[in-house]
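Subject: Structure handover

Hello,

Here is the structure for your files. Please load it first, then read the notes below it.

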Amino acid sequence: MSLIKETDFGTPARESDVTVTLTIDGMAVTVPAGTSVMAAAMQAGTKIPKLCATDMLEPFGSCRLCLVEIDGRRGTPASCTTLVEAGMVVHTQTERLAKLRKGVMELYISDHPLDCLTCAANGDCELQDMAGAVGLREVRYDKGGENHFDCAERDQSNPYFDYDPAKCIVCNRCVRACEEVQGTFALTILGRGFDSRVSPGGTDFLSSECVSCGACVQACPTATLVEKSVVAMGQPEHSKVTTCAYCGVGCSFKAEMQGDRLVRMVPYKDGKANEGHSCVKGRFAYGYATHKDRITSPMIRERITDPWREVSWDEAIAHAASEIKRIQAKYGRESVGAITSSRCTNEEVFLVQKLVRAGFGNNNVDTCARVCHSPTGYGLKTTFGTSAGTQDFDSVEDVDVMVVIGANPTDAHPVFASRMKRRLREGARLIVVDPRRIELVKTAHVAADHHLQLLPGTNVAMINAIAHTIVTEGLVNEAYVAERCEPEDFKRWRDFVSQPENSPEATEKYTGVPAAEVRAAARLYATGGNAAIYYGLGVTEHSQGSTMVMGMANIAMATGNIGRRGVGVNPLRGQNNVQGSCDMGSFPHEFSGYRHVSDDTVRHLFEGAWGVTLDAEPGLRIPNMLDSAVEGSFKGIYIQGEDIAQSDPNIKHVTDGLKAMECVVVHDIFLNETANFAHVFLPGASFLEKDGTFTNAERRISMVNKAMPPLAGYADWEVTMMLSNALGYRMDYKHPSEIMDEIARLTPTFKGVSFDRIRELGSVQWPCNDAAPEGTPIMHEKGFVRGKGKFMITAFVPTDERTGPRFPLILTTGRILSQYNVGAQTRRTENGAWHPEDVLEIHPHDAENRGIREGDLVSLASRVGDTTLRARISERMQPGVVYTTFHHVGTGANVVTTEYSDWATNCPEYKVTAVEVRLSNQQSEWQRSYEELREATRKIATTAAE
Amino acid sequence: MTTQRLVHMANQVAGFFSSYSEGEAIDGTFTHLRSFWDPRMRREIEAHLAKTGGAGLTPIALAAVKRLAEKDTAAQKSA
């Protein structure tokens, strides 16, 4: 193993149908037109010295180090800003150039503190490298002259990186990275001439608009911006490419190591999902993986009020298996089940569902996608024929009109948001449909053409109004529909949406959005060129979540915006492997590849492979499991990497369900909230500790490569295998690649997938089979997976959760940039610097009516529960709507949310809860009693000293 | 699982399909319940049907649950 260093071509790669041949240092080189001389030289193997250039950024031409000579041209042009021309003859190494470069380097070094031996970047410093490259042996300028050695205090405010202005060479790479790559524009050059210094807007980094994506640190050629971990630990010595375990973007990273210690995570330039970019979570918030809270010994206990007792793996597994057997013997085969995790690998998910179907002998398996994107699966399968998004991320580069519905990409999918913002800066138009004024509505050099700021719970009324406009104003792509869609279904849909009650004017009373604005947005979507919908949980987490997904599919088909680059219906998946966990057969009614358990042919295929008879009946979904537990027919559960006691709605009901079970087995890296109700705890492995694959929001299957050994001794797939074997259903995999081979044998859309194939291609998007051996970036190109696209009628049905005098406000919940879901990972990192507690965002008008000021403690109460948290007055909210996050345990945001759910999938309606907010001076009763419960249920017995 | 919750869920499903013709709506609702509801959920709502005649169910949901009961009963007999 060695440290992976991607080749830096100095300027970004250019694509062109036209190629240009030139001569560089006597060698003929052929490159696409538009390529820089610097990149062409690098392609030929010639490194031209450079400091301000890097291929993540557009050329800048400021450092004067990359000068070249070109026959027939005067002077010494910068190779980064000079484009290749046919027949050009370039010289990169001449006496004249050497002298010039050495002179430039002398000037740089004359104002650089030469503390190389004790500098954090020692061994990874481009300034050092360039001094070597130009053969710098002396600096003639007097060190006593004016310099920047003591120009300013080092800024150490950011928890993850330091800024030392004394080492800055003002190459602008950090400023340009913040602009071009991240799109935040938080950095600038303050001052002029000799006083020029990089600044995060005249304040310190932590107080600034910097989002800590790390792009500036990555771009910095010196130690001016450097990771604190590198300062503390020194340079890494080897690296492993792996896939991030946070959101559904699925960024590739190099885990840079010293032995089995992680020094830093650096985004991998060849990663096809992120192209070398990252966010604060993936780049920096990995400390949880080795946090002191990690549990590394299996534990068991009889009652949840007993202290945990550390036991051997054998004892824990034997105990869990005997309990499951006992429960099934007493209460029946269907009295147990399992929950798979979107945080675990495809292979691990596949094994858990196999354990349930083949080992438990029922189909009571579900996944956390139940509470996020299950309506996506239902809606897109019904209309298009497959339960997945239609595009790859690259497709955004061809989007003319971007529609963002119920998603907040700059917080929840920040790396893809940067690509969206780049496309918007290039001129794409933007429609935002969201109750809140999310950042994309107006941010640096980006402004939405239309912000349809609807009331929560009225998505379907809105999509019908947009459809009404498209149909009644003659904006349907008739040729596309005639060729690609079911004619009868289209006709019925057209008649339905044409009805006056679906007009923008009629639906305004529900949505609160002026009809003219809706009509204008609909016209832009239908006529603005390539139009793509990107959506999130603001679509799915509603009682009409599935209806809304179908509504979006309808308008995409009606306008011909499916089946090519730049268009599509694109779910922004919440977790790293939500797509994969669904693909792998986690749902109680489906085998891998979304095939129903009642399909005899499919079931017999699995029966043949697994050597058992399988149940043809659908099993219980998570909410149904909890309901059945409370009712008494569901008694045992195996939960891998999921914290339903914090993440699921109406926590009181969830915990009642868990308490009613006789055996709860939690398999996790931390003693999470669900573990408070568990009888067996099996320590899990972080993503750094195992091999496998994750599948991101664009159906891209990427490798997860083990960087360090599992802290508890076993990867999660091994633990599931041990449990299965103890139950008497034999599993004998030697490596996760064997599990993927089995998945490929049993799943037509994965037929061509293997670890070797993924490694060969870098990553691959399913379907990957004989018809598409290199995968499928764009779905439905030649026709829909189901044959003809199916329009569905999507009548608006207001949710049963209604506001009224007692609960006049609507609560909607979500997540923010620095924290992640239940916070199990990010709360155990320095990300708390940005978000130490959940707060309630409330409009100034609503706050004033209640006498609430910024920072006041307020009670948030719904029909099912109440909690107390601090208020933040925010004009991002509209009057009547409040917002909070669910990242912190003590907040208990989901004590307030209800069990209302999507009609088709039971995905909870997190986005609409009727609430009241009042000033308070104390914690809620739930908060007090839950704290006591935590105290009582999280004790671990100390082992007596020998 | 409370019968009240199952009735609510069945009515929600029927609510979606009620935009279609009556026959299609009943078909759609029946197929949905048959495809996605665990047998114990079906048994419970079928028991509710037997006991109360389907109190609280909308006409479409009621028709779908009746068909569900017929099919499940027939399947049990043939098993």
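A crossing is left-handed if the near helix is turned anticlockwise from the far one by less than a right angle, and right-handed if clockwise. Helices (H or I, at least four residues) and strands (E, at least two) are DSSP runs, numbered from the N terminus.

The model is predicted: local features need pLDDT of at least 70, side-chain atom pairs count only at pLDDT 80 or more, and totals for chains, interfaces and linings use all residues. Residues are numbered from 1 along each chain as its sequence is written, chains are lettered from A and ligands numbered from 1 in the order in which they are written, and side-chain values use heavy atoms, with hydrogens and water left out.

Helix packing

Start with helix α13 (residues 459–472) of chain A. It passes α17(A) in a right-handed crossing. Helix α17 of chain A covers residues 515–527. The two axes come within 9 Å and cross at roughly 65°. Axes are lines fitted to C-alpha atoms, for helices over the stretch in contact, and angles run from 0 to 180 degrees between N-to-C directions. Contact means heavy atoms within 4.5 Å. On the α13(A) side the residues include M462(A), A465(A) and I466(A). They meet α17(A) residues, among them V518(A), R519(A) and A522(A). By class, this contact has 8 nonpolar, 3 polar and 2 charged residues. Ala, Val, Leu, Ile, Met, Phe, Trp, Tyr, Cys and Pro count as nonpolar, Asp, Glu, Lys and Arg as charged, and the others, Gly among them, as polar.

α13(A) also packs with helix α16 (residues 504–511) of chain A. The angle is about 165°, and the axes are 9 Å apart. α13(A) and α16(A) are therefore roughly antiparallel (under 35 degrees is roughly parallel, over 145 roughly antiparallel, 65 to 115 roughly perpendicular, the rest oblique). This crossing of α13(A) and α16(A) is left-handed. A461(A), M462(A), A465(A), H468(A) and T469(A) meet P504(A), T507(A), Y510(A) and T511(A). The contact splits into 5 nonpolar, 4 polar and no charged residues.

Next, helix α9 (residues 346–360) and helix α26 (residues 736–746), both of chain A. Their axes come within 9 Å and cross at roughly 65°. That makes α9(A) roughly perpendicular to α26(A). The crossing of α9(A) and α26(A) is left-handed. F350(A) and L351(A) are among the α9(A) residues in the contact, and I739(A) and M740(A) among those of α26(A). The classes are 7 nonpolar, 1 polar and 3 charged.

Aromatic rings

A search of the whole structure finds 27 aromatic pairs. Rings of Phe, Tyr and Trp (its six-membered ring) pair if their centres lie within 6.5 Å; planes under 30 degrees apart count as stacked, over 60 as edge-to-face and the rest as tilted. The centres of F161(A) and F284(A) are 6.1 Å apart and their planes stand at 35°, so this pair is tilted. It links distant parts of the chain, with F161(A) in strand β5 and F284(A) in helix α7, 123 residues apart. Both residues are buried (under 20% relative accessible area; exposed is over 50%, partly exposed in between; 1.4 Å probe, protein chains only). Ring pairs also link Y160(A), F161(A), Y163(A), F205(A), F284(A) and W834(A) into a cluster.

Backbone points

W766(A) and P767(A) are joined by a cis peptide bond, with omega about -5°. V170(A) is not a glycine, but has a positive phi of about 55°. F185(A), also not a glycine, has a positive phi of about 60°. F185(A) is partly exposed, at 24% relative accessibility.

Best wishes
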